[in-house]
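Student: Could we go through this structure together, one question at a time, with the cut-offs stated as we go?

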Amino acid sequence: MYQYFSKGNDMLHQCVQPSQSMALFQNSKSDSRYSGRFNTLTANSWFKISVLIFLLAGAHLPAPAVTLVPEKVVVAIPDQQDPQTPDHIRLTGWIGSRIEANEGNRLVKLDISRLLEGYRKRPGRQTWDGEHIGKWMHAATLAWANTGDPELRKKLDYAAVELVKCQLPDGYLGTYLEKDRWTEWDVWAHKYNLIGLITYMRYTGNMEPLPACRKMADLLCRTFGDEPGQKDINEAGLHLGMAPTSVLEPMVLLYRLTGEKRYLDFCNYIFRSWERPNGAKIISTLLKSKHVAEVGTAKSYEMLSCLNGALEYYRTVGDRKILDACLNAWQDIMDHHLYLTGTASYREHFHADYDLPNVNNVGETCVTVTWLQFNAHLLRLTGEARFAEQLERTILNQLFGAQLCDGSAWGYYVEMAGKKPYSSTLDGHCCLSSGPRGVALIPTFAASTDADGIVVNLYDAGVTKLILHDKTAVTLATETRYPSDGKINITVTPAVEKQFTVKVRVPAWCRNAIVQVDGKTMDAKPAADGYVALNRKWKQDDQIQLQFKLEPRVIVGDHKNEGKVAILYGPLVLTADEALLKTNENSLRNIGVAGTELAALNITPEPAPEKMKSWPGAEVFRINALTRKPGNSAKEAKELQIRLIPFADAGTTGTSYKVWLPYGGSSPNKNLLLNGLESRSRKMNVGGSIIDGSFQSVAATANGKAPTQDWYAVTLEESVTIRRVIFAHGQTSHDGGWFDSGEGKPRIQIKTTADGQWIKVGEFETYPNTTATSSAGLKGEEQFICELKKPVEAIAIRVIGKPACGDDAKQAFSSCAELQAFTE
């Protein structure tokens, strides 16, 4: 039971939480652990009671009947799946609990004065401070449409008025001083202001901000363009113009809302700008090479933002090559750049194929959300289930993993190992405004309609009310504990008996699916669009019963995860979390598994302990594991059982976690540094990787200065045992590039803890007798080996020495082609 005050009056209400009441029914029906508790009522009775309690509990916050303000421009490409206004879908299971937390503990509690601070007193605290208010308005509008929360609506109305008040007479609505206009993130902030205000207007019907949006857009049209005296938009921001040109998305939306052609002309200008010599060449590159890492600067968030705008443009004008380019980008990300959890890129960029370290500023939440939006756009445009599949993967793993379970905080980089960096403070944290947008978007695509009838994309308990193309109203009431239970029951109730199709998505991970209608087994083979189509004359209370067999899967790592495995259960990526380990001896760094055989791992779900229970159906997964003390051989490993936890719930208590677990004994011939985080003593003029195994990708430190020491370091996600180290010289130039060994050969130093001191453990005695001006014959790629006197445990390692100056004594630099470390 819980208590709350109705915001519409001061009456005190008491009731069971909607999510709890639904869970009670689901638990009693589908889980033997709860059998006998509710045997005096039938399952159908419990469902009716739970729905009644849900409706009563939500009565003080009725979702508004949202009618979108119509657009004046009819799109050239109709959607294959119709996006839904969030008032049509009320979810009450795990997904619903996260949506509720997003609104109640984040969006409604944000201080609007902080969001407007940089506008009221320019400049803002940071150069991108202006983006927060527009992102908040977008997310908060969708959340209000879902719940009807009057407090949130009041905040929205206030924010819209106060933001417009900050607009300058010429239409400028950014946070920069006059002298700094149209640099870095200035156009970017205008983009989010337009997105936020347009979303607010269309959902609330309050069109008062429209003149301000026109003034913003007209200022952009006057400022940037091909005519004499106009600025080049590629020069108005970062990443070869991908940041400022991402304003394409709201400019398309404003064109459709107003019908004013000058905004479409501006969108056409952006496409021309992309293909200029100083542009990112987004469309042409994706059509030709089909590789996102070759687009512009490969900056992930900005590129995906541009692609989302490009898809809105395609929807509007119908240029097929734009869709083809976007599909090429999607396929490349899927094949080469996507993490198991549904995020992409590290250090905010796309890199070489399969270059996916577990730690290295992995999983920026802004990238996660724009990837989610990208899939939502493609789902709408194509109607293909493969995009819904990725939405589920991203939401249930990476998006929820970035959100603190109570919704109050978000992580910036949410990596495959380490600690989740949750924060509730906006300063320096763009992702804190992006994450809530991703959660607020879920009701717009969880279920949909198409030309044939209804489409179910995500599975969660709740009630969905849809309108078919022929205006027939249909209600879906879903009972499930998914993803903790593969049983899903959907009650279909059309307003009148009607022939139409209900499409259900059988998850790609599911090897055995049972699909029934009113107890009759149907063909579960998906059609060409990836959905199982159930066509019949539907009547009140018809039942769709789905059974997706939840079972574990073992993913054997390759590339940077060679020698490791990841464990999945149904749609969930599982992790080892220190919070579930019992002793220091069984610390996270010592945990692995014996092999890759599923049967030997004996993975078994069980209820999550109370401290880890983020929702009533939360589970952990018992698994046979190994613990191996540092320095011990594989034969000395001890068997034990541990519990794994879904990635979405891992690290929420502040503990460390990891997705990839080593199996068997570590190969003595495997470079232990492959998945590490590289760093150097100073910014490089040549920035190749020193742990890619190629020996041809060189890192050099030349910057015109002459320090007394240079170093090249690699930091690991957990400690390893090191016995042998290899350093490869990079390149020799007339003005340096080697270490001067006159004052000592290059040395090996390690850290035993992340915040510890550097400790010398060896040096490369075979390194030649170089001087500041003589390379002693070094040319490039020569390898030097150091066998340590005894194995050492290290979480970081570096090579350090004095850089050489060659024929230019005013500076000095060194270089490194490769750094490797081995167990034996």
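Student: Which residues does glycine 259 touch, not counting residues up to four places away in sequence?

Tutor: This is a predicted model, in which local features need pLDDT of at least 70, side-chain atom pairs count only at pLDDT 80 or more, and totals for chains, interfaces and linings use all residues. Residues are numbered from 1 along each chain as its sequence is written, and side-chain values use heavy atoms, with hydrogens and water left out. Taking contact as heavy atoms within 4.5 Å, glycine 259 touches Lys72, Val73 and Leu254.

Student: Is glycine 259 buried, partly exposed or exposed?

Tutor: Buried means under 20% relative accessible area and exposed over 50%, with partly exposed in between (1.4 Å probe, protein chains only). Glycine 259 has a relative accessible area of 36%, so it is partly exposed.

Student: At what distance does a polar contact join the side chains of lysine 503 and aspartate 450?

Tutor: Lysine 503 counts as buried because its relative accessibility is 9%, and Asp450 is among the residues that lysine 503 touches. A polar contact is a pair of N or O atoms within 3.5 Å; within protein, one must be able to donate a hydrogen and the other to accept it, and residues adjacent in sequence count only if both atoms are side-chain atoms. For the side chains of lysine 503 and aspartate 450, the distance is 2.8 Å.
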